[in-house]
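Notebook open. Today I'm looking up strand pairing first, then the ligand surroundings.

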Amino acid sequence: MLRAVETHPVLVIGGGISGLAFAWHAARAGQAPLVLEASGRLGGCLDSRRGPADYWFELGAHTLYNSYGALLEIAEGCPTPPTIVARGDARKRFGLLRAGGLTTMGPLSVFRQFGFWELVTSAPRGLFGGKGPRTIREHFSRLVGARNYAGVLAPFLSAVPSQAVDDFPASGPGSLFKKRPRRKDVTKSFTFAGGVGAIATAITGAGVAARLDAPVATIARADGGYRVELADGTALAATRLGVATDPATAARLLAGVHPEVAAAAAALKTVEVESIGVVVERAAVALPPVAFVVPADDVFWSVVTRDPVPDEHHRAFTFHFKPGVDRAARLRRIGEVLGVEADRLLTIEERRTTLPAPARDHAAAVAAIDQALAGLPLALLGNYFAGLAIEDCAARAKAEWARLAGATT
Ligand SMILES: Cc1cc2nc3c(=O)[nH]c(=O)nc-3n(C[C@H](O)[C@H](O)[C@H](O)COP(=O)(O)OP(=O)(O)OC[C@H]3O[C@@H](n4cnc5c(N)ncnc54)[C@H](O)[C@@H]3O)c2cc1C
C-alpha cells in the first residue's frame, strides 16, 4: 500500500546547530521548516547534560565568543533568547599534565615551556613568509622549532578539536584560526544559562518544528524538489532540502541522487572522539579551578571543566578520549587524574562524536562540494566547510539559506 507523502516547504536532515541555524533562517523567511533528527534530542555536539540538583555540564561544545556574529544573530532573533552568561576567571587558567605531574598556568606561561634556543633560532625564519598552503605542523615548526612544536604547542592545539592537528591547514577553510569582527556590546567569552544547548530550545520557539528519533534513510528527487524516506518508511517531500549530518552520512544519502556532491563529501576524512563527563562534589577534587587540562601524552586529548561557570556544590570534568582504550580503563584514568575513587563520581555521561579531520587540500575539497551544489535546491551544511567552530556552522547555514532563497545577502 502506498503511504501518503507529507509535504513541507523546507526539510532539514540533522538537528545539530548547522541544521537548526539553517531552519531558523528558513522560518524567518516564512518557509515553515521541519527538522528531522535521528537521535532523541536536538543540538548534536551542543550537548548540555544534567547532574545532581539540576547542575548542568557540557559533554560537547562549551565556549562561545563575541565574534560569533551569525550565532548571536540567531540567539537574539528568537522570541525567547537564551540568556548570555559570562565565563569567569577560571577561563584564563589551565593545567598541563606532564610526566605524572600537573602544573596550572595562564596563557602566557606556555611560552615559558618552550626551549629558548630553539625558539630564538626558529622565530626569524617563521615570522616571515606567512602561513602559505602549509599545515599546522609545518607552519609552527618553522615559527617555534620542531621540538617546541611537538612537545608543547601540538598538545595544546590538538586539545581544541580533540584530534592530532599536525595535518590541519594552517590557514583558510578547515583551519583553527579565524579573524572575525567582535561584538563590543557582548562579553568576550560566554555560554548560555543552562549550557550552550539552550540555543536549540530557543530555536524551536522560533517557528522551527522538529521530529526526533527520525533517522533519514534515503533521498530521491521529486517534482523539482526532494523526497526523503525515514527508516520507519515515512515519506516526506520538500521544495528545498538541507542536509546537516556528518560528511559520510551526507555522502551515503546523496550517492544515488547527486553523485558528484556525494563523491566530494565522501572524500573528507573524519575521526571519532569518545567523551566521558563526570560530576563530583566540589570538595572531592583538589585540582585548582581551570578551564581545561591538556596532557603532553595520554589516552585523552583534553579535559574540559565547568569551572569558568563555578557552582557552590559541584564540579564537572569531561574527558575527550583517543580511540582504542576500553571504558573501564578510561574511568580508571579519570579517577587517577582527578584523584577520586569511582564511588565519588556522582554522574557519568558519555557520547561518541564524528568530527571532520581537515587536511592541507581542504579548501579544494570544499570548493568541489560547492561547485557540485551550484544551481541545486539542496544545501549542504555542517562543520566541514570553513571550520569546526559553532560560528563556522552558523555562518555556513546563513550563506546556504541565502543561496537557496535566491537572496543577495
Ligand atoms: C567535544 C567538542 C567540543 C567542542 N567545543 C566547541 C566550543 O567550545 N566552541 C565551538 O565553537 N565549537 C566547539 N565544538 C565544535 C562544534 O560544537 C561542532 O562542530 C558543531 O556543533 C557541529 O554542529 P553540526 O550541526 O554541524 O553537527 P552535529 O552537531 O554533529 O549534528 C549533526 C546531527 O545530525 C544528526 N544525524 C546524523 N545522521 C542523520 C540522519 N540520517 N537523519 C537525521 N539526522 C541525522 C545527528 O544525530 C546530529 O544530531 C566542539 C565539538 C566537540 C565534539
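Ground rule for pairing: I call two strands paired if DSSP finds at least two bridges between them. Strands (E, at least two residues) and helices (H or I, at least four) are DSSP runs, numbered from the N terminus.

The model is predicted, so I note that local features need pLDDT of at least 70 and side-chain atom pairs count only at pLDDT 80 or more, while totals for chains, interfaces and linings use all residues. Residue numbers start from 1 along each chain as its sequence is written.

**Seven-stranded sheet.** I traced an open sheet with mixed pairing, in the order β8-β7-β15-β16-β17-β14-β18.

**Three-stranded sheet.** This one is open and antiparallel, ordered β5-β9-β6. β5 (64-65) and β6 (84-86) each have a single partner strand, so one side of each lacks a neighbour in the sheet. Three bridges join β6 to β9 (residues 189-192), with I84 partnered by F192.

**Ligand.** I get 35 residues around the ligand, the closest being G14, G16, G44, A61 and N383 (near means a C-beta atom, placed from the backbone, within 6 Å). α1 (17-28) gives the largest share of the shell, three residues. Which domains does the ligand lie between? Domain 1 (5-86 + 186-269 + 358-405) and domain 2 (271-356) both give residues to the shell, so the ligand lies between them; the bounds come from an automatic or database domain assignment.
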